[in-house]
Amino acid sequence: MAQRGIVDMIDEERLSEIIPEDVSLRLVEPHIYSLYSHGEKTSSYDRIFGAIYDLVACNRFYNRFVWGYLTTDYHSFCLDALRSSTEGWVLDAGCGSLAFTAKTYVNYSGRPVVLLDKSIKMLMVAKSRLVKLSGKVPDNMVFLHGDILQLPFKPKSFGTVISLNLLHVLEDVKKVLQELRNVLMDGGTISLTTLIEHNRFADKYLHMLGKAGKLFPRDAKQLFAVFDALGMPVKYRIKGNLAFIGYR
Ligand SMILES: C[S@@+](CC[C@H](N)C(=O)[O-])C[C@H]1O[C@@H](n2cnc3c(N)ncnc32)[C@H](O)[C@@H]1O
């Protein structure tokens, strides 16, 4: 008889529900699949920036005093998104190291969850976070090393899409939104957070990071013009420099 755990965890066969047959997946290590060949360099987060990101950018004091919001807000935002539907799979696009949401995910077993990122190192850190919290990767979670700008999924696979702090690191917001909308089921939700300019002292810092090539500064008007142009009505709130955005 097959062992429990091995039988339940998300494998290639299960992934074929949402990934077309002609997409080849490489098993990197248990629970982590890649769309890239071994050794392929895919992300600046694989280098030193990834380590700095976890230490500095995810620090609650840094986020409170520089960007003006509470990192605990991510928990309720993510939980609301997870509870918003019982249909389809869940996608976290650009999940990074799950610095803010690992605890939220380990307590969620309602639907299968794909945790996708372009950095294999961030995925490995995320995996070890889940293991540290619950002793193993929950059976309903799988990591996928891939690109949000070229999502490998069948259309309408996901009832819930979550993407925290990815929009501001990518130049082509329109392409990101098109990709996410394409994989969203009818009636599904997309929940996003992103740093924006918001008439605060930290706007200057945002631009410094922009000049250093770490992110793409935008204000609310520029950002929501892209949603409007795509006919995607959203609800949003802004706390400090962080926009919390919901699309249904
Ligand atoms: C600012 S971090 C946010 C990580 C996490 N969501 C959080 O809030 O802590 C941005 C993440 O997006 C990932 N990323 C950047 N470009 C990407 C792309 N084209 N496709 C998928 N992930 C990408 C990076 O590797 C990084 O983990």
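# Working chat on a predicted model

User: Where is K156 found?
Analyst: K156 is found in the loop between β5 and β6. Helices (H or I, at least four residues) and strands (E, at least two) are DSSP runs, numbered from the N terminus. This is a predicted model, in which local features need pLDDT of at least 70 and side-chain atom pairs count only at pLDDT 80 or more, while totals for chains, interfaces and linings use all residues. Residues are numbered from 1 along each chain as its sequence is written.

User: What phi does K156 have?
Analyst: A positive one, about 60 degrees, although K156 is not a glycine.

User: Why does K156 count as partly exposed?
Analyst: K156 is partly exposed because 15 other C-beta atoms lie within 10 Å. A residue is buried with 20 or more other C-beta atoms within 10 Å of its own, exposed with 12 or fewer, and partly exposed in between, the C-beta atoms being placed from the backbone.

User: And N199, where does that lie?
Analyst: N199 lies in the loop between β7 and α8 (202–211). N199 is not a glycine, and its phi is positive at about 50 degrees. N199 counts as exposed, with 7 C-beta neighbours inside 10 Å.

User: On to the sheet. What is the strand order?
Analyst: The nine strands run β1-β2-β5-β4-β3-β6-β7-β9-β8 in an open sheet with mixed pairing. Two strands pair if DSSP finds at least two bridges between them.

User: Which strands stand at the edges?
Analyst: β1 (26–29) and β8 do; each has a single partner strand, so one side of each is left without a neighbour in the sheet. Neighbouring strands of this sheet are turned by 20 degrees against each other on average, direction ignored.

User: In what sense do β8 and β9 pair?
Analyst: Antiparallel, over six bridges, with β8 at residues 234–239 and β9 at residues 242–247. Y236 stands opposite I245 in β9. Two residues lie between the strands of this hairpin, and G240 there takes a positive phi near 60 degrees.

User: What about β3, is it buried or exposed?
Analyst: Five of the five residues of β3 are buried, so the strand is largely enclosed by the rest of the structure. W89, L91 and A93 point one way from β3, whereas V90 and D92 point the other way.

User: How many bridges join β3 to β4?
Analyst: Four, and the two strands run parallel. V90 stands opposite V113 in β4. β3 and β6 also pair in the parallel sense, over four bridges, and the bridge partner of D92 in β6 is I162.

User: Which helix packs on the sheet there?
Analyst: Helix α7 (residues 173–182) does, touching β3 (89–93), β6 (158–164) and β7 (184–195). The direction of α7 makes about 150 degrees with that of β7. Axes are lines fitted to C-alpha atoms, for helices over the stretch in contact, and angles run from 0 to 180 degrees between N-to-C directions.

User: Back to β4. What does L116 stand opposite in β5?
Analyst: L144. β4 (residues 113–117) and β5 (residues 141–145) pair in the parallel sense over five bridges. L116 is buried, with 24 other C-beta atoms within 10 Å.

User: Which residues does L116 touch?
Analyst: Not counting residues up to four places away in sequence, L116 touches L91, D92, A93, C95, L144 and G146. Contact here has C-beta atoms, placed from the backbone, within 7 Å. The C-alpha atoms of L116 and G146 are separated by 6.2 Å, though the two are 30 residues apart along the chain.

User: How many residues has the largest nonpolar core?
Analyst: 62 residues. A nonpolar core is a set of buried Ala, Val, Leu, Ile, Met, Phe, Trp, Tyr and Cys residues joined through C-beta atoms within 7 Å. Those with the most contacts inside this one include L91, V114 and A126.

User: Which helix gives the largest share of the core?
Analyst: Helix α6 (residues 120–134), with six residues. Leaving aside neighbours within four places in sequence, A126 is in contact with residues including C95, L115 and F143.

Notes: Two residues are in contact if their C-beta atoms, placed from the backbone, lie within 7 Å.
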